[in-house]
Amino acid sequence: MSSQGPLPSVTTKTVPGPAPNGMGNGLFATADFKVGEDVVHAKTPFVAVLDSPRLEDTCSGCFGKRQMEGNSDLKACTGCRVVKYCDRACQSKDWKFAHSLECKTYQSLKPQVLPNNARAILRMVLRTGKGKYTTQELGVFSNLETHIADIQKNQSQMDRISLTSKAVKNYSESDMTEEAISAYAARLDLNSFNLTTAMYDRIGLYLHPYAALINHSCDYNATVGFEGEELYIKAIKPIKKGDQIFVSYIDTTTPLEVRRGELSERYFFKCECTKCQKGTKHDAPENESLSSSPLNQEDNPLAFVETAERDALELLQTAMKPETSAEESIKTLKKALTFLSSTSTWPLTRQPYPQLRDQLILSYLSTNNFSAAFIQAAIRYLRTDPQLFSPAHPIRQLHAWILAKLAIYLSQSFETSPEDAVRLKDYELNFHFILWYVLADLASRQMESCTVPAFKRLVGSNFKQVNDEFRAQGIDLATNDQAKAMLSGAWAKLEKVVEAALERENIGG
Ligand SMILES: C[S@@+](CC[C@H](N)C(=O)[O-])C[C@H]1O[C@@H](n2cnc3c(N)ncnc32)[C@H](O)[C@@H]1O
């Protein structure tokens with residue numbers, strides 16, 4: 001049972017309080033939490049806006065929630081034609097929240113569309129002017145860290161904030177000072193979360209002053225998710241009464257120096273969490289020692305490994321450039337994977353290996369090469385994710401879901417491609433069994449899963465459908481021994497596919 005929180009839209013069993021080690025304020029548990037339990041649930045944001053490219057394809061009222069339920073036809077606001085909605089209900093909700101205040105500005109700026117942060121600041125300034133925030137909300141918001149003194153040391157960051165604030169002051173005709181608007185901008189930079197869909201695709205910016213009190217740890221105990229405009233912070237580890245709540249502000253699978261760089265650049269602090277304290281230069285393979293001899297794998301393994309890492313990272317950057325075609329990305333990423341593989345010491349779970357594989361899966365999906373994507377998703381599912389994420393982690397669950405979707409697709413229309421790391425046909429995989437297994441595993445973890453309710457509903461309904469299909473053929477996979485044996489046979493074949501694909505990766509296949 002959660003209790004009503006300190007702000008009207010929040011349900012939580014936490015309290016704010018001073019945090020140790022120069023962290024400013026933080027949130028602390030007022031009860032024990034089990035894995036998967038809601039730590040903070042906020043029904044409405046202080047501000048949330050879509051990224052500019054998402055204005056075209058995502059509803060600005062429900063942030064894609066109803067689209068996920070099958071509503072796909074969006075209509076543009078007849079005033080500004082910048083924002084789009086599922087229907088009148090979504091439009092009227094957003095109109096009341098803030099769009100009535102900003103629509104004319106959007107119209108007057110056309111064809112220019114303000115960037116996401118300027119739209120968010122404009123909303124906050126306009127809502128403040130109209131008295132749409134409660135005194136409590138504004139109180140918590142104004143107490144949030146700004147790091148304005150640190151920002152002032154960085155001329156280009158300061159210029160960016162001043163320029164945006166000037167523009168917002170001008171468009172909003174607000175009587176707030178430019179300085180006060182700059183503080184809003186700095187607070188947004190420092191305290192906003194990535195707004196994501198229920199399937200964890202980034203779509204915009206989101207700020208809630210209570211949730212923003214949560215500090216960072218690379219060894220975090222809670223994760224963030226969204227369903228429409230609702231925010232869910234869930235316990236990814238058991239949390240005891242009195243413990244501080246931590247989320248991760250960054251990708252914590254990267255090496256220590258990368259994490260430290262990202263945290264100091266955007267958030268102005270040095271993380272001293274247990275993981276960072278343990279971490280050496282980068283969780284490097286054991287038995288490596290520094291050597292100054294020339295580049296040669298046998299004489300100088302560390303230099304060889306570092307060169308491979310640098311080359312792989314450069315290739316990853318190239319592959320991720322918007323101007324790189326998906327086909328070119330695939331070639332580049334495969335080359336990078338082979339570089340790392342050729343070191344023989346590089347664990348599959350150490351970055352940038354997982355990032356390269358994630359990107360390769362996306363590139364295969366964008367070229368409709370589902371069999372090649374399936375092989376990579378299977379490697380991720382079996383070899384990478386179990387080491388990087390706990391079973392309840394939303395990222396691990398999402399990756400499993402992607403593998404299940406690919407198995408659904410391949411069970412219906414199987415095509416191999418010359419791109420495939422191995423000839424899937426040779427392995428006679430039973431995609432229906434693989435699908436059942438992955439969904440059964442996801443469904444069995446629903447209670448502890450840190451995914452949002454819509455994700456869980458999707459898993460539940462798909463699992464039911466797959467079970468119904470098997471039962472219609474007289475097979476009950478949960479109880480029938482013969483079926484269970486067939487299931488483990490299918491799984492063993494998938495293991496073989498993964499092994500063969502990894503061998504091929506090593507030789508540059
Ligand atoms: C989103 S705010 C969190 C709330 C903030 N502590 C406050 O009092 O407003 C992010 C800021 O909190 C501080 N912070 C968060 N995690 C920290 C950590 N692990 N160590 C030190 N400071 C941290 C940094 O100043 C960072 O810029």
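The model is predicted: local features need pLDDT of at least 70, side-chain atom pairs count only at pLDDT 80 or more, and totals for chains, interfaces and linings use all residues. Residues are numbered from 1 along each chain as its sequence is written.

Start with the domains. The protein is divided into domain 1 (3–146 + 190–247) and domain 2 (301–506). These bounds come from an automatic or database domain assignment. The centres of the two domains, taken over C-alpha atoms, are 31 Å apart. Domain 1 gives 14 residues to the contact, and domain 2 gives 14 residues. Two residues are in contact if their C-beta atoms, placed from the backbone, lie within 7 Å.

Which elements supply the side of domain 1 that touches domain 2? α1 (65–68), β12 (222–227) and β13 (230–235) each supply at least two residues. Helices (H or I, at least four residues) and strands (E, at least two) are DSSP runs, numbered from the N terminus. β12 gives the most to this side, with four residues. The residues of this side divide into eight nonpolar, three polar and three charged. Here Ala, Val, Leu, Ile, Met, Phe, Trp, Tyr, Cys and Pro count as nonpolar, Asp, Glu, Lys and Arg as charged, and the others, Gly among them, as polar.

Now look at β12 itself. Six of its six residues are buried. A residue is buried if 20 or more other C-beta atoms lie within 10 Å of its own, exposed if 12 or fewer, and partly exposed in between; C-beta atoms are placed from the backbone. In a regular strand the side chains alternate between the two faces of the sheet. In β12, A222, V224 and F226 are buried on one side, and T223, G225 and E227 are buried on the other. β12 pairs with β13 in the antiparallel sense over six bridges. Strands pair if DSSP finds at least two bridges between them. T223 has K234 in β13 as its bridge partner. The two strands form a hairpin with two residues between them, and G228 in the turn has a positive phi of about 60°.

The core comes next. The largest nonpolar core holds 126 residues, and I121, I233, A378, L403 and A407 touch the most other members. Domain 1 and domain 2 both give residues to this core, so it lies between them. A nonpolar core is a set of buried Ala, Val, Leu, Ile, Met, Phe, Trp, Tyr and Cys residues joined through C-beta atoms within 7 Å. Not counting residues up to four places away in sequence, A407 touches F374, F431, I434, L435 and V438.

Turn to the ligand. It is surrounded by 19 residues, and the closest are G24, N25, E145, N215 and F269. A residue is near a molecule if its C-beta atom, placed from the backbone, lies within 6 Å of it. β4 (25–29), α7 (178–191) and β11 (215–216) each give two or more residues to this shell. The shell divides into nine nonpolar, nine polar and one charged.

Two of these elements can be followed further. β4 runs antiparallel to β3 (residues 14–18), joined by five bridges. P16 stands opposite L27 in β4. Their hairpin has six residues between the strands, where N21 takes a positive phi near 55°. A186 lies in helix α7. With 22 C-beta neighbours inside 10 Å, A186 counts as buried. A186 touches T146, H147, I148, I151 and I161, not counting residues up to four places away in sequence.
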